[in-house]
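This briefing is intended to be read beside the sequence and the three-dimensional structure. The points are grouped by topic.

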Amino acid sequence: MGRVTERRRTLRIRDGAVSSRADTLVAEEPLEIRLNGKPLAITMRTPGDDFALAAGFLVSEGVIAHGDEVQSIVYCAGATADGVNTHNVVDVKLAPGVVVPDITLERNVYTTSSCGLCGKASLDAVRTSTRHPVADAPPVRLAPELLAALPDRLRAAQKVFDRTGGLHAAALFSEAGELLDVREDVGRHNAVDKLVGRALTDGRLPLSRAVLLVSGRASFELAQKAVMAGIPVLAAVSAPSSLAVDLAAESGLTLVGFLRGGSMNVYAGEHRIALEAEVGRG
C-alpha cells in the first residue's frame, strides 16, 4: 500500500551554496471508487483513510446519508492484470434496498479539486438531494473570537504538513471550538470526504453542531460537501468562489472566508455569528 510520504533526492541551492539531500514529499496516488462493482470515479489522493474517503464521496454525491446504507467497503483484490492488489481500488457495496440515484449509474469521471457541475442546475441538485438540510439544523452561534482561534488549532494538528509542506487539511470543530477530527490530503476535497466518511461510519451524521474548517479556498464543491453532511458552518482561510457563496445563501450555510488572525469575511449565514455590536452597512 502506498505511504503517506515518500523520500526523493533533491538538489538544494541556498544563497549560492549547492548540496544534495533527500526531501520528504507527500505521496499522491489514484484511487478508483467502485459502486456495487461498477467504476464510479477516480480521484488523486494521499493514501490512507481510503474507506472513509469513498464513503464521504458517496455522501457528497447524494448516494448515501447514513452508515447502515453501506453493506461493505473493500479493496479490490486482483485490481491489476497480473492479479496484484494495489490498494488503489475500493468497492462500496450498498445495503439491500438502497436505491442508487440515476445520476450516478453511468458516471465514470476523473475527479479533481475543481470538479462538480456549474450554475443554477447544480444549486438546485444539492438542495433537492441532501437528506440533512442545513436550514433545519439546531441554531449554532459562534463568536468571531472563537472562529479566529481555529486556524492555529488546525495548523497545530497537521502532522504530515510539518514534514512535507504539501498537504491540505480539513478539520471539524465543535461549536465550543473543540477539535473533533482532522484529515490531511493532497486534495482538500478528499480531506473533507475523509472527515465526512469517518463521521458516517461512526454514526455522527448529520454534523448539525459542527464547524468545518479548510485550508485554502472554499470552492463550490466544498460547500456542497458541507451541505450534504448537514454541516451548518464552513470556514476557509482563503477566498470562496462566487458559486460557493450562491450555494451557501441558497441552502442556509454559514460561509466564512479569509479567516486569518482576527479578521474574516462572512459571505452568507451571518445569523450564526454572535456579534456584540450591530453590523454597519456600507
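The model is a predicted one. Its secondary structure consists of seven helices and 13 strands. Of the 282 residues in the protein, 49% are buried.

**Overall figures**

- The protein exposes about 13,200 Å², and carbon and sulfur atoms supply 53% of that area.
- Among contacts with a separation of 6 or more, 54% are between residues 24 or more positions apart.

**Backbone features**

- Asp49 is placed in the loop between strand S4 (38-45) and H1.
- The phi of Asp49 is positive, near 55 degrees, although the residue is not glycine.
- Phe258 also is not a glycine, and has a positive phi of about 50 degrees.
- Phe258 belongs to strand S12, and its relative accessible area of 29% makes it partly exposed.
- Most residues other than glycine have a negative phi, and most peptide bonds are trans.
- The peptide bond that joins Leu205 and Pro206 is cis, with omega at about 0 degrees.
- Pro206 is located in the loop between H5 and S10.

**Helix H1**

- Ten of the eleven residues of H1 are buried, so this helix is largely enclosed by the rest of the structure.
- The buried residues of H1 include Leu53, Phe57, Leu58 and Val59; Asp50 is also among them.
- After H1 comes Gly62, with a positive phi near 80 degrees.

**Helix H5 and its neighbours**

- H5 comprises residues 188-201, which is 14 residues. From its first C-alpha to its last it reaches 20 Å, close to the 20 Å expected at 1.5 Å a residue.
- H5 is mostly covered, with twelve of its 14 residues buried.
- Gly203 follows H5 and has a positive phi, near 70 degrees.
- H1 (residues 50-60) packs against H5 at an angle of about 95 degrees, with the axes 6 Å apart. The two helices are therefore roughly perpendicular to each other.
- On the H1 side, the residues making this contact include Ala52, Gly56 and Ser60; on the H5 side they include Asn190, Val196 and Leu200.
- The axes of H5 and helix H6 (residues 220-228) come within 10 Å and cross at roughly 5 degrees, which makes H5 roughly parallel to H6.
- Where H5 and H6 meet, H5 contributes Arg188, His189, Val192 and Asp193, while H6 contributes Glu221, Leu222 and Lys225.

**The six-stranded sheet**

- Six strands form an open sheet in the order S9-S8-S10-S11-S12-S13, and their pairing is mixed.
- Strands S9 (179-185) and S13 (263-268) stand at the edges; each has a single partner strand, so one side of each is left without a neighbour in the sheet.
- From one strand to the next, the twist averages 20 degrees.
- Strand S8 (residues 168-174) and strand S10 (residues 210-214) run antiparallel and are joined by five bridges. Phe173 has Val211 in S10 as its bridge partner.
- S12 and S13 also run antiparallel, with four bridges joining them. The bridge partner of Val256 is Val266 in S13.
- A hairpin is formed by S12 and S13, with two residues between them. In the turn, Gly261 has a positive phi of about 60 degrees.

**Helix H3 over the sheet**

- H3 lies across S8, S9, S10, S12 (254-260) and S13. Its direction is at about 130 degrees to S8.
- Arg155 is part of H3 (residues 144-157); its relative accessibility of 37% means that it counts as partly exposed.
- Arg155 and Ser215 are 60 residues apart in sequence, and their C-alpha atoms are 8.9 Å apart in space.

Terms used:
Residues numbered from 1 in each chain as written. Predicted model: local features only at pLDDT ≥ 70, side-chain atom pairs only at ≥ 80, totals over all residues. Heavy atoms only, no water. Buried < 20%, exposed > 50% of the residue type's maximum accessible area, 1.4 Å probe, protein only. Contact = heavy atoms within 4.5 Å. Areas by Shrake-Rupley, 256 points an atom, 1.4 Å probe, with all protein chains shown as cover. Pairing = 2+ DSSP bridges. Axes fitted to C-alpha atoms, helices over the stretch in contact; angles between N-to-C directions. Expected span 1.5 Å × (residues − 1). Parallel < 35°, antiparallel > 145°, perpendicular 65-115°, else oblique.
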